[in-house]
Amino acid sequence: MIRSNKPGERRVLIASSHPLFGQGLRSLLKERHQTGVKVVGMVSNLKEALAALEKLNPDLIIVDYDDEALNRDEFLARFVEGEKKLRVVLLSLQSGRDAVVYDRRTLAAAQIDDWLEEWNYESQASPALLEETGGAVETVQNRRTGMKHFVIAAILVVIVTALLIAGLDRVQILPIQASLQADSIDGLFNLEFRVIAFLFSLIVVFMIYSLIFFRRKKGDDSDAAHIEGNRSLEVIWTLAPLATVLFFAYLGGESLAETLRPDPQALEIEVTASQWSWRFEYPDTGIVSTELMLPVDKQVLLRLSSTDVIHSFWVPEFRVKQDALPGGQDFIRDLRITPTEIGNYKVRCAELCGLQHAYMLADVQVLSQADFDQWVNEQTFVSDDPVVRGRQYAEQFGCLACHSTDGSTLVGPTWQGLFGHEVTLEDGSTVEADEAYLRESIQDPGAKIVSGFQNVMPPDIAADMSDAQIADIIEYIKSLR
Ligand code: CUA
């Protein structure tokens, strides 16, 4: 494949009628320590060149671009397009020490080494081929080292991906899986973690590898190779992500359908979110609670609504999440959960809903069916003591989330020692906390605001309470002396 007399030697024939061109080129090559390049002769026209071919056996003819006596088109026609295929380069040495090589690239003098180096390995690639490929012919050697770099980087990508996946598996990113619905979601999550680990490695490994091995060498201030584009690469990096995204969309749809699958036997619970508490109502039994009690291995249908702003019901161990919207019946949203693990969890609000958003938590208990039935029996038992009933209602309606019974200050004033005492209001006036005041404060929370507190009580909290329930709650407050 290498047409030279000595292996590794490049034989150059110079075509120019100006001896100065020959001298300039010789000294340029010498200066560049191109020891593998040997100038075998100099010709001043095409006829001489043809005659010299047999005798001198050159690999390359460098034609003086600025020599008007030479017909360079003739050289190109004869050696590039004609039957005698030979590498021909048009070179200009006019512009000072800059060499301009006309094979569709302009090189600075500092780059002539690289160009000659490259040419060493592509002696069989004709300029015509260079034309076709826009001058971006990869040399055999470049291709080999390029492949070497690619193989090393690919192996590193595989190793880093494997390490990342092993690390992710070890750290257990997700909380425990406590619902049937969590299963398909976690399957999708784990697949995504793996794909993300691969993408991360692909980008970071190639980036760091390039930073280390392709950094600019000392003293090299030349421009990088000009690359027009690569159609097959562009097609691949468009289609591959598109296919991946579509595949994940399909899996996501399947997983969503899985989490929405209804069980006609599901236990219905009405969930009401308010700034900043949760209330749970069991329509079958009339139980109202601030704690969510669930029987294990039975699907519950949560019907979510809000009394004020948008909240979001989320128990991380159950994975699924749904907004609770204000606006009444038309805006109720459903969420289906089948708890699979007995234990204690927390509902947290997953929608920024105001000052106390971060503290909008409620306890969730998943119980065995027997324990759940017992809890239902306890809750539906109505005491004949109004104070006991009052405490039960205060818990159920969420009053105790904001009003302490031990003197400590929460969002609202404490109930301890409240009854019968004077209360200072925000306008500085005082009022006695009698039954009428307490009833008014429950039914119309904004009527009198206690000094030092904000009016944040749900305005229509009493709408769900009967008069008898309000009376019982007042009895309970009276008991807290
Ligand atoms: Cu309710 Cu955040």
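Trainee: What percentage of the 481 residues in the chain is buried?

Mentor: Keep in mind that this is a predicted model. A residue is called buried when its relative accessible area is under 20%. In this chain of 481 residues, buried residues make up 39%.

Trainee: How many helices and strands are there in the chain?

Mentor: The chain has twelve helices and 17 strands. Contacts tell us how the chain is joined up: taking pairs of residues at least 6 apart in sequence, 65% of the contacts join residues at least 24 apart.

Trainee: How do I describe a pair of helices, and at what angle do H7 and H8 cross?

Mentor: Take the axes, then the angle, then the residues that meet. Helix H7 covers residues 182-213 and helix H8 covers residues 231-260; their axes come within 9 Å and cross at roughly 160 degrees. An angle over 145 degrees counts as roughly antiparallel, so H7 is roughly antiparallel to H8. The crossing of these two helices is left-handed.

Trainee: Which residues of H7 and H8 meet?

Mentor: From H7 they are Ser184, Ile185, Leu188, Leu191, Glu192 and Val195, and from H8 they are Phe247, Phe248, Leu251, Gly252, Ser255, Glu258 and Thr259. Sorted by class, this contact of H7 with H8 holds seven nonpolar, four polar and two charged residues.

Trainee: Are H11 and H12 parallel or oblique to each other?

Mentor: The axes of helix H11 (residues 435-443) and helix H12 (residues 467-479) come within 10 Å, with a crossing angle of roughly 125 degrees. H11 and H12 are therefore oblique to each other. Their crossing is right-handed. On the H11 side, the contact is made by Glu435, Leu438, Arg439, Ile442 and Gln443, while the residues of H12 include Asp467, Ile470, Ala471 and Lys478. By class, the contact of H11 with H12 has seven nonpolar, one polar and five charged residues.

Trainee: What is a nonpolar core, and how many residues does the largest one have?

Mentor: Think of buried nonpolar residues joined through their side chains. The largest nonpolar core here has 37 residues, and those with the most contacts inside it are Ile269, Trp278, Phe280, Tyr282, Phe313 and Phe318. Elements that each supply at least two residues of this core include strand S6 (267-274), strand S7 (277-282), strand S14 (343-349) and helix H9 (369-380).

Trainee: Which residues does tyrosine 282 touch?

Mentor: Leaving out residues up to four places away in sequence, tyrosine 282 touches Leu267, Glu268, Ile269, Ile287, Glu291, Leu292, Met293, Phe372 and Trp375. There is also a second, separate core of 24 residues, which includes Tyr437, Val450, Ala462 and Tyr476.

Trainee: Where does aspartate 66 lie?

Mentor: Aspartate 66 is in the loop between S3 and helix H3 (72-81). With a relative accessible area of 26%, aspartate 66 is partly exposed.

Trainee: Backbone angles are next. What is the phi of asparagine 57?

Mentor: Asparagine 57 is not a glycine, yet has a positive phi of about 50 degrees. Asparagine 57 sits in the loop between H2 and strand S3 (60-64) and is partly exposed, at 28% relative accessible area. Glutamine 172, also not a glycine, has a positive phi of about 50 degrees. The place of glutamine 172 is the loop between helix H6 (140-171) and H7, and this residue is exposed, at 60%.

Trainee: Is the peptide bond from glutamine 275 to tryptophan 276 cis or trans?

Mentor: Look at omega. For this bond omega is near 0 degrees, and the bond is cis. Tryptophan 276 is in the loop between S6 and S7.

Conventions. Residues are numbered from 1 along each chain as its sequence is written. This is a predicted model: local features need pLDDT of at least 70, side-chain atom pairs count only at pLDDT 80 or more; totals for chains, interfaces and linings use all residues. Side-chain values use heavy atoms; hydrogens and water are left out. Axes are lines fitted to C-alpha atoms, for helices over the stretch in contact, and angles run from 0 to 180 degrees between N-to-C directions. Helices (H or I, at least four residues) and strands (E, at least two) are DSSP runs, numbered from the N terminus. Angles under 35 degrees count as roughly parallel, over 145 as roughly antiparallel, 65 to 115 as roughly perpendicular and the rest as oblique. A crossing is left-handed if the near helix is turned anticlockwise from the far one by less than a right angle, and right-handed if clockwise. Contact means heavy atoms within 4.5 Å. Ala, Val, Leu, Ile, Met, Phe, Trp, Tyr, Cys and Pro count as nonpolar, Asp, Glu, Lys and Arg as charged, and the others, Gly among them, as polar. A nonpolar core is a set of buried Ala, Val, Leu, Ile, Met, Phe, Trp, Tyr and Cys residues joined through side-chain atoms within 4.5 Å. Buried means under 20% relative accessible area, exposed over 50%, partly exposed in between (1.4 Å probe, protein chains only).
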